Amino acid sequence: MDGWTILIMVHATCASLALVVGAVLLLRRKGDGRHVMTGRVWVGAMYVAVLSSFGITRLHPGHFSWIHLLSIWTFISLTMGLVAIRRGRVLEHRGWMVGSYAGLLGAFVGVVAVPVRLVPRTAVHHPAVFGVLVATIVVAGLMLAQLGARVGARRVSARRPLPVVGAES
């Protein structure tokens with residue numbers, strides 16, 4: 001599979017995991033411990049994808065391209081979303097995070113729509129390998145989302161006060 005470096009594999013894997021985990025986040029209930037933990041998984045994958053993108057300079061070898069401006073914007077929007085929720089600004093947080101996910105979807109379309117890019121070339125020239133990779137990433141993403149949800153559920157249940165035995169209200 002020509003052209004795939006470790007950095008590009010890390011970038012593509014984290015971006016793909018972010019696609020799956022982000023979809024789970026958008027479809028499920030917001031604001032509980034499960035959302036928080038699954039969101040942390042998503043934000044982590046997004047930050048790795050964004051930061052790894054700065055090491056990829058294939059469009060203009062040795063130089064950044066216009067795509068890196070999108071990486072800078074994504075880094076800013078993720079950070080603003082985190083700052084917003086830390087300050088209790090839920091609607092602002094939602095806007096930044098949904099916008100970040102929409103940008104991720106746009107980047108995904110850009111990757112698969114251009115036939116000379118690595119993802120479409122791999123799909124055409126190595127369809128079995130590509131199919132296994134896609135299935136693996138989808139399953140791993142769903143498992144990470146489920147793990148985040150389970151850990152989040154445990155953290156929430158650990159915070160609930162225990163009822164006082166024998167107390168009448």
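This is a predicted model: local features need pLDDT of at least 70, side-chain atom pairs count only at pLDDT 80 or more; totals for chains, interfaces and linings use all residues.
Helix H1, residues 6–27, packs against helix H2, residues 33–53, at an angle of about 150 degrees, with the two axes 8 Å apart. Because angles over 145 degrees count as roughly antiparallel, H1 is described as roughly antiparallel to H2, and the crossing in which H1 passes H2 is left-handed. On the side of H1 the contact includes Leu7, Val10, Cys14, Ala18 and Leu25, while H2 contributes residues among them His35, Val41, Trp42, Ala45 and Met46. Sorted by class, the residues of this contact comprise 13 nonpolar and seven polar, with no charged residue.

Moving on from H2 to H3, the axes of these two helices come within 9 Å and cross at roughly 150 degrees, and they are therefore roughly antiparallel to each other. Here too the crossing is left-handed, as H2 passes H3. From H2, Trp42, Val43, Met46, Tyr47, Val50, Leu51 and Ser53 meet His68, Ser71, Thr74, Phe75, Leu78, Thr79 and Leu82 of H3, and this contact holds nine nonpolar and five polar residues, again with no charged ones.

Helix H3 itself runs over residues 66–86, and because its 21 residues at 1.5 Å a residue should span 30 Å, the 31 Å between its end C-alpha atoms agrees with that expectation. Its buried residues are His68, Ser71, Thr74, Ser77, Leu78, Gly81 and Ala84. Just after H3 comes Gly88, which takes a positive phi of about 80 degrees.

Terms used:
Residues are numbered from 1 along each chain as its sequence is written. Side-chain values use heavy atoms; hydrogens and water are left out. Helices (H or I, at least four residues) and strands (E, at least two) are DSSP runs, numbered from the N terminus. The expected span of a helix is 1.5 Å times one less than its number of residues. Buried means under 20% relative accessible area, exposed over 50%, partly exposed in between (1.4 Å probe, protein chains only). Axes are lines fitted to C-alpha atoms, for helices over the stretch in contact, and angles run from 0 to 180 degrees between N-to-C directions. Angles under 35 degrees count as roughly parallel, over 145 as roughly antiparallel, 65 to 115 as roughly perpendicular and the rest as oblique. A crossing is left-handed if the near helix is turned anticlockwise from the far one by less than a right angle, and right-handed if clockwise. Contact means heavy atoms within 4.5 Å. Ala, Val, Leu, Ile, Met, Phe, Trp, Tyr, Cys and Pro count as nonpolar, Asp, Glu, Lys and Arg as charged, and the others, Gly among them, as polar.
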